[in-house]
Amino acid sequence: MSSLSFLHTACLRVALLPLAPLRAPLCRSRLPRPLIRLPPRSAMSSAASRMSHIAAATVSGAAGESNDPAAASGLAQEDDDLSAALGYRLPPKEIQDIVDAPPLPVLSFSPSKDKILFLKRRALPPLSDLAKPEDKLAGVRIDGHSNTRSRMSSYTGIGIHKLMDDGTLGPEKLVYGYPEGAKINFVTWSHDGRTLSFSVRVEEEDNKISKLRVWVADVESGEAKPLFKSPDIYLNALFDSFVWVDNSTLLVCTIPISRGAPPKKPLVPAGPKIQSNETKNVVQVRTFQDLLKDAYDADLFDYYATSQLMLASLDGTVKPMGPPAVYTSIDPSPDDKYLMLSSIHRPYSYIVPCGRFPKKVELWTADGKFIRELCDLPLAEDIPIATSSVRKGKRSIYWRPDKPSTLYWVETQDGGDAKVEVSPRDIVYMENAEPINGEQPEILHKLDLRYGGTSWCDESLALVYESWYKTRKTRTWVVAPDKKDVSPRILFDRSSEDVYSDPGSPMLRRTAMGTYVIAKVDKQDESTYLLLNGMGATPEGNVPFLDLFDINTGSKERIWESDKEKYFETVVALMSDKTDGDLPLDQLKILTSKESKTENTQYYLQIWPEKKQVQITNFPHPYPQLASLYKEMIRYQRKDRVQLTANLYLPPGYDQSKDGPLPCLVWSYPGEFKSKDAAGQVRGSPNEFSGIGATSPLLWLARGFAILSGPTIPIVGEGDVEANDSYVEQLVTSAEAAVEEVVRRGVVHPDKIAVGGHSYGAFMTANLLAHAPHLFCCGIARSGAYNRTLTPFGFQNEDRTLWEATSTYVEMSPFMSANKIKRPILLIHGEQDNNSGTLTMQSDRFFNALKGHGVQSRLVILPFESHGYSARESIMHCLWESDRWLQKYCVSGTSKADSEPASDGESKTLSASGGGAAVEGLTSDGFSSTPRSLLW
């Protein structure tokens, strides 16, 4: 991971951003790890086991029922119409109990780090939440009744704890005063930490949710009240929501009071729908979902998205600001004197989502006076599909966090086209909010790769990042923003794939203005020291660290490192940045997380100079029934000598001498690399806690399965070689190596290995059943794409078109090899999948192809669900379908393919001593890592 990527991840984990709206992620699996946010002020996961203590393999009954022995005993007799009219089903109780475990809270620290919010969350939402009417407009799904994003999750309560001087937590104080049962979002601290702001929604009749109202709460007393006295002022949170302008004033996006009723769809259209390219423009776009379809959609989008900005004080004073517009972001300057307002406007597009609509950025004073327009970007339908291509014009416009009111941005010099060779490729500019005497923007730095962001410190130090995906090159530059006599120099120049060489990223500290800048450390000498926080990837796994780094000489001193033997620890945030200036090393205080294979994440304070460790949380184990599971990070080698890794999990109490080999579920996701050496590097830690989300394959540990999680499936293209040109060969040899290793160990039955995956992992699953039927007895594919000719302008990291790489598109598509699939495959897909490339139609057509060739297959479409599944009914049914499939075709082994001779391309099932069919023509390899849970 590059330094910049790590920085961005770190910022997400410590929440160096306002608290997010808790909208539904792509895959809403509930993670057992508590989530953490720190508040700033502006945007910046032989048959059934013979073990007596593991539940027997049974199939549960319909929703509301417990396990049904009759259903369990009749698996072999079930026909293709099983449960067609039975509605939603529940998985076995041992799986239900894990999924229904209460979620841990989200944590949010106050600006001064002396208080912590515990934001309470509910378990999985009911399907009725997803069934609410929604409009799909310009790539956005809208709940028209509440005028916000549909499928939005929420908090159920707010608890406030004081962080005592000894590092312990004081008693919880609940925020009160808002309606009972309210859904809470957008929780934000004021700059001084004395007030909380948040939105509230309540249930109404007919399964509807009210519009959002803004509430504020006094942190000391916990009492909450509405921000607006008028009951007619509602929050419009379709894009941005509200932001603190100062300690007593918020700028709020509201629904215009005079808006009226939504436009009505004409019964008869005014004319046909026409798109034209008579000007011969080259416009290549991926298969975006939920786009505008006609003029009515455009009007409806305007209706819901238009906001009136309101300046609202805690004393009740309200003042409109600016004209109504489709505001997408509101960003106060560090000194609170200016506001940068971004909006989108017509002409809209029917082929790209709203993020590419014309965009205007304006500068206003904090009291509502227009100053100037920073840019007005045209419609961007023609951004090339080549990776690292960008929009033309000014982009990434932000405030310098170390200055009161200085803007910076970047402009491309290659027209945004990554295929154009030019130097420089990007230029970074700076400018005062109100230029004096017509002064022109100042150049901060010129870059030959694509700009990746800036970390600011002060007038003499900033770090500028650039990278290029095709070569995986990444550079970090040291610049002196306000010292023209100091030339920029390269600090780090490395491959983003080479995790062993990642030096870490600078830690940030909070300023008096409420922004975040690079922290400098005072070691009582003349050098300038930073704190580099890194994951510490090694051949033995990640060992996170904190280095004291001399920015001038490049020398390092490791001042903290994670335990290597039992625990996995990470640095989460600085806790000793309450005042401006350099941080004295002997007064350093940091927040760390700590976990092990069997102990869930807890948070600690590390206090210098003694490096005293104080535990501040004591969260219960989220699923104690699996607390004694066995986990091992295993290492093995592919036939081309590329090193691979995987996490092998075994059920609690498993005894190989007594229980013998187990049925196994292999779950993975391929990744692309430019280097075999980098692909073979170890990512992750053997000591990380095993987080189990709502659809995790680890749930089948409770059913007596062995789980091989995240075996690396590297697809490598070195030099000018395209990785996907040998996708199938590399996929098969990676899977063969994984299966051979677990069978060699004697813990997995060679004839009872299932494979599964989600999205690109589903694509992988279908391909393995087509091209490696000797390895797996069945498969489970969720929300996948199976025919690449339906995504002709690129997919995943493939940026060649179908016409440029026809054979690759066809050979990679399992749809084209449906006649080769001999093993049972379960397809599951959300009916409302909005992910680019994985239209629900992909599963529909693939199932028809399979059925047309007599393949044992089953297609399950989950109503109202998107790319990831979120409703309890959907998730439970998905798990029931998956468990039934595994019990019938993996544990019991009733696949028709068992009695059929292997095709010419198949080799025999691997024996316990290993071995397998050789694959001809293998030339390269790659690696895929499964990211650990983010601390939000």
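In the hairpin formed by strand 2 and strand 3, five residues lie between the strands, and Lys 113 adopts a positive phi near 65°. The model is predicted, and the description that follows concerns computed features of its coordinates.

Strand 2 comprises residues 106–109 and runs antiparallel to strand 3, to which four bridges join it. Within this pairing, Ser 108 has Leu 117 of strand 3 as its bridge partner. Strand 3, spanning residues 115–121, is mostly covered, with six of its seven residues buried. Strand 3 is also paired with strand 7 (residues 155–162); this arrangement is antiparallel and involves seven bridges.

Leu 117 is located in strand 3 and takes part in both pairings: Ser 108 is its bridge partner, while Ile 160 of strand 7 stands opposite Leu 117. The relative accessibility of Leu 117 is 0%, and the residue therefore counts as buried, the threshold being under 20% relative accessible area. Between the C-alpha atoms of Leu 117 and His 161 the separation is 6.3 Å, although these residues are 44 positions apart along the chain.

A patch of negative charge on the surface is formed by Asp 522, Asp 525, Glu 526, Asp 582 and Asp 586. Glu 526 counts as exposed because its relative accessibility is 79%, the criterion for exposure being over 50%.

How values were computed:
Residues are numbered from 1 along each chain as its sequence is written. This is a predicted model: local features need pLDDT of at least 70, side-chain atom pairs count only at pLDDT 80 or more; totals for chains, interfaces and linings use all residues. Side-chain values use heavy atoms; hydrogens and water are left out. Patches are made of residues with over 30% relative accessible area and no salt bridge: like charges are joined within 9 Å, nonpolar side chains (Val, Leu, Ile, Met, Phe, Trp, Tyr) within 5 Å. Accessible areas come from the Shrake-Rupley method with a 1.4 Å probe; for residues, only the protein chains shown count as cover. A salt bridge is a side-chain nitrogen of Lys or Arg within 4 Å of a carboxyl oxygen of Asp or Glu. Lys and Arg count as positive and Asp and Glu as negative; His and the chain ends are not counted. The place of a charge is taken as NZ of Lys, CZ of Arg, CG of Asp or CD of Glu. Buried means under 20% relative accessible area, exposed over 50%, partly exposed in between (1.4 Å probe, protein chains only). Helices (H or I, at least four residues) and strands (E, at least two) are DSSP runs, numbered from the N terminus. Two strands pair if DSSP finds at least two bridges between them.
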